[in-house]
Each structure stands twice: as C-alpha cells, then as structure tokens.
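Work through the following exercises with the sequence and the model at hand. Each task is followed by its solution.

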Amino acid sequence: MFAMPGVGWLLLFFVVSVYAVMAVAFGAVDPILRTPIPAWNPLQWNARAMSSVLHRVFGGDLGTVFVRTFWFVGLSLLGCILIGYPVAYFVARKAGKYRGLVLGMLVLPFWISYLMRMMAWTNLLAPDGMVNNVLHFLHLQGPQRYWLDGNWYTVVIGLVYGYVPFFILPLYSTLERIDGRLIEAGRDLGASSAQTFLRVTLPLSVPGLMAASVITILPMFGDYYTNTYLTSGSPKTEMIGNQIERYLLGTSQPQTGASLVLILMAFLFVLMAYYLYTTIRQQRLADR
Amino acid sequence: MSPFRRRQGRAPVLAMVTWVYILWSLLPVLVAVRISFNSGKSRSTLQPLSTRWYWGDPTSSVWHDDHLHTAMFNTLQLAALCMLIATPIGVAMAIGLHRWRGKLSSAANGLMLIPIVTPEIVFGVALFLVFTQAYTGVPSGMTRQLIGHITFTMSFVVVIVRGRLQAIGGQYEEAARDLGATRLQAIRLVLLPLLAPAIFASVMVVFATSVDDFVISSFLSTGASTDTVPIKIYSGAKGTSTPALNALATVMLVFTLLAVLLAALAMKRMNRGDDDGGAAGGLAGLSV
C-alpha cells in the first residue's frame with residue numbers, strides 16, 4: 001500500500017525513461033529534420049543504427065574510446081584499492097580511540113561537492129600552481145609541467161581522488177563487522193600477524209571489497225566530467241561518456257547516443273546484477 | 001583475551017597512511033577555499049586576502065554577478081524541493097516494502113534498487129530522451145530537473161530507512177497494536193518517531209546528492225537560467241574564470257556543512273543513548 005507512490009514514480013520516470021532510450025535507439029530518424037522518431041512498439045524496432053554503432057565499437061573509432069575507458073577505470077580501481085584498503089582496515093580495526101574522529105574525516109568528502117573537489121585540483125595543478133612549485137622546490141622536476149594538457153595520469157589521479165571515499169566506506173563496514181575472535185583464534189593457533197591477515201581477515205573482507213569495487217566502478221564508467229574538467233576536454237583522454245554526451249547534446253544524433261548507452265549498460269549488466277543479488281540476499285537475511 | 005594480545009592502536013605505518021590520505025583528501029579543498037579570498041584574478045597562486053570575489057568586486061563577485069547567484073538559488077531551490085518530495089515518498093515506500101511479502105514485492109524491491117547502481121549518465125540520457133520524446137508537456141527547465149533529482153535520490157531514502165526498520169524489528173508496532181492503536185496510529189505514534197534518525201540521515205543524503213548533482217541537471221538544463229552551481233563550476237574550466245567560482249563553491253560548501261551539522265546535532269538530541277545512526281551510519285548503510 002505505502003509503497004505505491006514510490007513504485008508508481010519509478011515506473012513513470014525511471015522504467016519508461018530507460019524504455020525511451022531503447023525506443024530511440026531502435027527507432028527511425030526523420031529524413032529531413034534529422035530528429036529521432038522513437039519506435040514505442042517493439043515489433044517496429046529496427047537495428048540498423050545499433051549495428052552500425054556496434055561496428056564502430058568492435059574495431060572502429062569507438063573501440064579505442066571503450067578500451068581507454070576500461071584502462072582508466074581499471075587503473076583508478078587499483079588506486080582505490082591500494083589507498084582505500086589500508087585506510088579502511090586501519091579505521092575498522094586499529095584506530096582505537098581515534099576512530100570517531102577519523103571516521104568523521106572520511107565522511108567529510110561526501111558533503112563536499114564533487115566538482116568543487118575537482119576544481120581544487122585544477123587550481124593546484126595549474127602551470128604556476130602549487131604542485132609544480134612544490135615539485136620544483138624539491139628538485140623533482142624542472143620549473144613546469146603541464147598536468148592539465150590531456151595527460152592520462154592526471155585523469156587517473158582525479159578519478160581516484162573523486163571516488164576513493166565511496167570505496168572506503170562499504171569496505172570499512174565489512175571489515176568492522178569481522179568477528180575479532182576469529183582473528184584472535186588465528187593468532188592463538190600460531191599464525192603470525194601477516195599470516196592471520198592473509199588467511200583470515202583478507203578472505204573475510206572479500207564481500208566488502210567486491211561491493212566497494214562495484215559501487216565505484218559503475219559511476220566511473222559513466223563519468224565524463226572528471227576527465228573533461230581536468231584536461232580541458234582534450235580528445236586524448238576522452239572516455240565513453242564524452243561520446244554519449246556529445247551525440248546527445250552536442251551534435252544532435254540522439255540515436256547514436258542512445259545506442260551507445262545501451263551498449264554501455266550491456267557491459268555493466270554483470271556488475272549491476274551482482275550488486276542487486278548481494279543486496280537482496282542481505283536484506284532477506286536481515287528480515288528473518 | 002589477555003591484555004598483551006591486544007594490538008589495537010599499534011599500527012604506526014597504517015596510521016600514517018591513513019593520516020596522509022586524510023590530509024590529501026581535504027587539503028586541496030582548503031586551498032581552493034583560500035584561493036576564493038585572493039585579491040587578484042589568479043586561481044592558482046596565493047594572493048593577499050580580500051573579500052573581493054564575495055562582494056567587493058562590482059561586476060563579477062558572487063554577490064553582484066547575476067549568473068552566479070541565480071545558479072546558487074537554483075541549486076538550493078532544487079535541493080529543498082527534492083528533499084520535501086523525495087523523502088516522504090521514500091519513507092512510505094520503505095515502510096510499504098518492509099511489510100509487503102510475495103513475488104510482486106521482490107520485483108518492487110529490485111525496481112527500487114536499480115537506480116542506485118545505474119550510472120548517472122544513463123539516468124541523464126534516459127530522462128533527457130523521455131522528456132523530449134514522450135512527456136513533452138512537462139515544463140522544461142527546473143521542473144524536469146526536479147523530477148530527475150527526485151527519481152535519482154528516492155532510492156537512497158528507501159535503503160537508509162529500510163535498514164533502520166530492519167534494526168527496529170516488528171515488536172514495537174505489535175505492542176502498539178495490542179494496546180489498541182490503529183495501524184495508522186501505530187505508524188504515526190510509534191514507528192515514525194523510531195525512524196526519525198534514519199529520516200534525518202536520508203534528508204541529508206538527498207540534500208547533498210541534489211546539491212552535488214551535475215549530470216542530470218546538465219542534461220535537463222535549458223540554458224543560463226537553469227544553471228546550477230556544479231554546472232557553473234564545470235563550465236568555468238573552459239575560458240577565463242576568476243576566484244569568484246571558488247567563492248561560489250565555498251558558499252555552497254558552507255551551506256552544506258551547516259545543514260549537515262544542524263541535522264547531526266538534532267539527530268544526537270533525538271538519539272540519546274542510541275549507539276549509532278549518524279551520518280556515517282546512514283551512509284555506510286547505504287553502501288553495503
């Protein structure tokens with residue numbers, strides 16, 4: 001009963017919206033005005049636009065963009081794990097009396113606008129900015145480096161900076177719930193602390209690691225503003241989101257854009273399904 | 001658990017990694033705030049302190065530049081309306097889903113979870129296409145942006161409130177019913193007060209998400225009159241921009257932090273003696 005307004009809203013504005021993407025992707029285009037004519041009836045769908053986009057994705061120009069997107073997301077995920085795991089582990093199991101304080105600081109980035117955090121980096125990484133000054137002062141490089149000129153590492157740094165807070169929290173809550181007695185038992189049975197970590201803590205934290213990875217990978221795949229913002233829109237660092245945005249808002253080829261969205265969703269389907277599956281299973285356990 | 005086994009707080013390397021991370025995550029933002037007080041036009045170096053970009057400059061300070069404060073009011077208005085609409089629908093949906101059993105309930109539950117794992121760009125494209133191809137009667141600009149924000153944030157409310165419902169369990173409501181309360185009375189007099197911390201947490205999350213949203217606002221924007229603060233910051237990357245953008249971001253940051261602080265204090269008052277349920281709890285619950 002009470003769920004009805006919410007269900008109705010989601011059907012009207014979420015389900016129908018996603019269906020509109022399919023209707024446009026598999027629809028037709030007005031021959032004169034070049035505007036899309038969505039095919040709302042699935043029996044009238046035609047896959048011509050989709051197949052030409054697929055050709056460009058598998059082996060064409062869009063393929064390079066897809067591969068680059070995978071690289072960026074993969075490297076950023078690696079960065080998130082390398083930074084996020086030690087931090088989450090420390091806060092969950094070792095922080096002692098500082099835990100509340102540290103946790104507060106970890107949550108703080110959630111309340112700071114994402115684009116403001118990116119803006120902060122464009123200020124720091126400007127040619128006469130502080131990063132260059134510090135590196136120069138430490139004699140690590142010559143006077144100037146153009147960080148914001150379309151460098152892949154600037155984008156990866158930006159993505160890690162942007163998403164690592166979202167990585168840490170779910171991992172933290174898993175690590176925090178690990179039964180301390182299991183770790184004690186590992187030590188009692190003669191394992192060194194490194195062994196205990198590798199054979200007890202790490203395996204028990206895998207669900208959290210997976211959840212944290214999925215929750216950061218999904219938005220990263222759709223990201224187009226971080227790279228655009230940090231490289232002033234250099235084509236060298238373009239991700240798949242940029243293409244989608246351009247086809248829909250820049251050049252008006254919504255059909256191509258809609259097809260790309262569907263292809264992206266197909267790629268991400270496994271990750272989304274994994275997240276849904278584990279969440280629903282946890283809810284069932286909690287409901288008992 | 002003999003005392004010499006306790007290894008809490010004895011992890012100097014992990015502690016250092018964590019503190020360096022926290023410094024790295026917050027320092028850039030502090031620098032961006034400092035730059036907003038520059039007296040000159042530079043956004044990358046530190047100049048003498050002034051309030052020029054807040055109100056001193058007669059044309060391009062936040063106070064005097066129409067575009068900047070329009071963006072600010074748009075952002076706050078969207079967030080306020082989104083809070084007012086998404087929260088009640090979401091709370092009702094959480095209560096409804098919690099007690100509803102059966103096949104259809106699982107479907108509704110899945111439907112509620114999918115928006116959380118949908119990349120924002122998919123959301124943006126889907127809403128853009130549904131409004132331009134099907135719901136053309138909905139006024140363009142802020143109305144569409146608002147609908148988008150509600151659709152995007154509602155599920156967060158449901159997840160946070162549902163987590164709390166599961167923690168509360170059914171016995172309080174049953175006791176109220178046994179003592180003669182009607183179903184609605186039991187919800188109003190017993191359940192809602194118990195849910196208050198979760199509702200507060202979700203209001204904060206909705207506010208922060210809406211204020212922070214760039215993709216949906218930008219796909220549904222119709223030009224300068226519907227620009228939001230994130231859109232302004234984003235478009236400031238191209239072309240010349242002044243520390244007024246930093247000032248704008250700083251003002252929004254102060255608004256958000258104040259709102260979060262107030263909500264956290266209110267929650268603490270309501271929540272005396274309760275273990276957790278604060279912002280961190282709400283967010284952690286959201287991302288598990």
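The exercises below treat a helix pair, a chain interface and a domain division.

This is a predicted model, in which local features need pLDDT of at least 70 and side-chain atom pairs count only at pLDDT 80 or more, while totals for chains, interfaces and linings use all residues. Residues are numbered from 1 along each chain as its sequence is written, and chains are lettered from A and ligands numbered from 1 in the order in which they are written.

**Exercise 1.** Determine how helix H6 (residues 142-168) and helix H8 (residues 183-212) of chain B are arranged.

Solution.
- Step 1: the axes of the two helices come within 9 Å and cross at roughly 155 degrees. Axes are lines fitted to C-alpha atoms, for helices over the stretch in contact, and angles run from 0 to 180 degrees between N-to-C directions.
- Step 2: H6(B) is therefore roughly antiparallel to H8(B) (angles over 145 degrees).
- Step 3: the residues of this contact comprise 12 nonpolar, five polar and one charged. Ala, Val, Leu, Ile, Met, Phe, Trp, Tyr, Cys and Pro count as nonpolar, Asp, Glu, Lys and Arg as charged, and the others, Gly among them, as polar.

**Exercise 2.** Describe the side of chain B that touches chain A.

Solution.
- Step 1: 76 residues of chain B are in contact with 84 residues of chain A (C-beta atoms, placed from the backbone, within 7 Å).
- Step 2: helix H1 (residues 12-35) of chain B supplies the largest share of its side, 13 residues.
- Step 3: by class, this side has 56 nonpolar, 15 polar and five charged residues.

**Exercise 3.** State how chain A is divided into domains.

Solution.
- Step 1: domain 1 covers 1-46 and domain 2 covers 47-287, with bounds from an automatic or database domain assignment.
- Step 2: their C-alpha centres lie 30 Å apart.

Key: Helix = DSSP H or I, 4+ residues; strand = E, 2+ residues; numbered from the N terminus. Parallel < 35°, antiparallel > 145°, perpendicular 65-115°, else oblique. Contact = placed C-beta atoms within 7 Å.
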